[in-house]
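Dear colleague,

I am passing on the structure we spoke about, with some notes on what turned up when I went through it. Please look through it alongside the text below.

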Amino acid sequence: MYDICTIGHITLDKVVTAQSVKFMPGGTSFYFSKALRQFDVDYMLVTALAEKENHILSALRDENIQIFSQPSEFTVYFENIYSANQDHREQNVLHKAAPFTTTQMPDIEARIFHLGPLLSDDITVDLLKSLAAKGTVSLDIQGYLRYVKDQKVLYKDWADKKEALPHVSILKANEFEMEVVTGTSDVRKGAAYLADLGVKEVIITLGSKGSLIYVDNDFFRIPAYKPTAIVDATGCGDTYMAGYLSKRIQGAGVQEAGEFGAAMATLKIQSSGPFSGNAAMVEEVLQYGECDREMIAPGNLSIVLNNSHEKRS
């Protein structure tokens, strides 16, 4: 029995920022796995990539990450182009990989299955529902809203959301993804809509403005800790979720888990590549890091949302 099992493709990423152009592995499953490697979590990664990229798996296994990899003709290849403030991202896809299905899924038991689809056909709804019968399903919704046209990543509503979301206990979306799937930019209405479909914990990330978590008709307002430098935002949401779920597994409450994830994301954005810190570094950010809690106080909630709404395309 694992604490957390992540399911998602590892990608080949070209990351273009104002400072540099870099090539590296990526994807929700990669960033999430790397973020957890220094933490006391019994963890398994289920992924798929082409045989010629197996050196990426070897490097992860060298860090004591347990992996099941299904065969795929191609590895997903993403190009991520960021604006100067890192809040806006343009994406292109050059290759797609084999999807995850119930017939190909190994017999794994886990307390939490964290699903990280990158494109709408990555993980079948049948697989999502079967995993919900075995444990808690956590979902980063972004992939179910994405499709590829002429190599460009475009967004549309998730056609299967009413069938699938009753089986999702924890859902993470940024503010743009929330609007795509709910039809509203109002975070209260959007979170309530997702909760009405069956999601128990709705996490809406707002970039540099923090995040909001909706549980049992209550909002938990999570601040963003100010980084010393903004270098690379790729994987920040995955790092946040790694911190959040690892603390929830340990019995932490929503506020504590959210702030731990936010501190991890702050450390991640300060350098290129995946999170490379440890629990002591996260605790230092929590104790000494600068954040503006007034920005997400109840009376300022609508102001935050209006000021932070950046569409990703």
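In these notes a residue is called buried when its relative accessible area is under 20%, exposed when over 50%, and partly exposed in between, with a 1.4 Å probe and protein chains only. Please keep in mind that this is a predicted model, in which local features need pLDDT of at least 70 and side-chain atom pairs count only at pLDDT 80 or more, while totals for chains, interfaces and linings use all residues. Residues are numbered from 1 along each chain as its sequence is written, and side-chain values use heavy atoms, with hydrogens and water left out.

I begin with the aromatic residues. Rings of Phe, Tyr and Trp (for Trp, the six-membered ring) are taken as a pair if their centres lie within 6.5 Å, and the pair is stacked when the planes are under 30 degrees apart, edge-to-face when over 60, and tilted for the rest. By this rule there are seven aromatic pairs. In one of them, the ring centres of Phe39 and Phe260 are 5.9 Å apart and the planes stand at 80°, so this pair is edge-to-face. The two residues come from distant parts of the chain, 221 residues apart, with Phe39 in the loop between H1 and strand S4 (43–49) and Phe260 in helix H8 (residues 254–269); helices (H or I, at least four residues) and strands (E, at least two) are DSSP runs, numbered from the N terminus. Phe39 and Phe260 are both buried.

Tyr144 and Trp158 form a stacked pair, with 4.0 Å from centre to centre and 5° between the planes. Tyr144 lies in the loop between S9 and strand S10 (146–149), and Trp158 in the loop between strand S11 (152–155) and helix H4 (161–164), so the pair ties together parts that are 14 residues apart in sequence. Both Tyr144 and Trp158 are buried.

Next comes strand S9 (residues 136–140), where four of the five residues are buried, so the strand is largely enclosed by the rest of the structure. Two strands are said to pair if DSSP finds at least two bridges between them. S9 pairs in the parallel sense with strand S8 (residues 110–115) over four bridges, and Ser138 in S9 is the bridge partner of His114. S9 also pairs in the parallel sense with strand S12 (residues 170–174), over three bridges, and here Leu139 has Leu171 in S12 as its bridge partner.

With best regards
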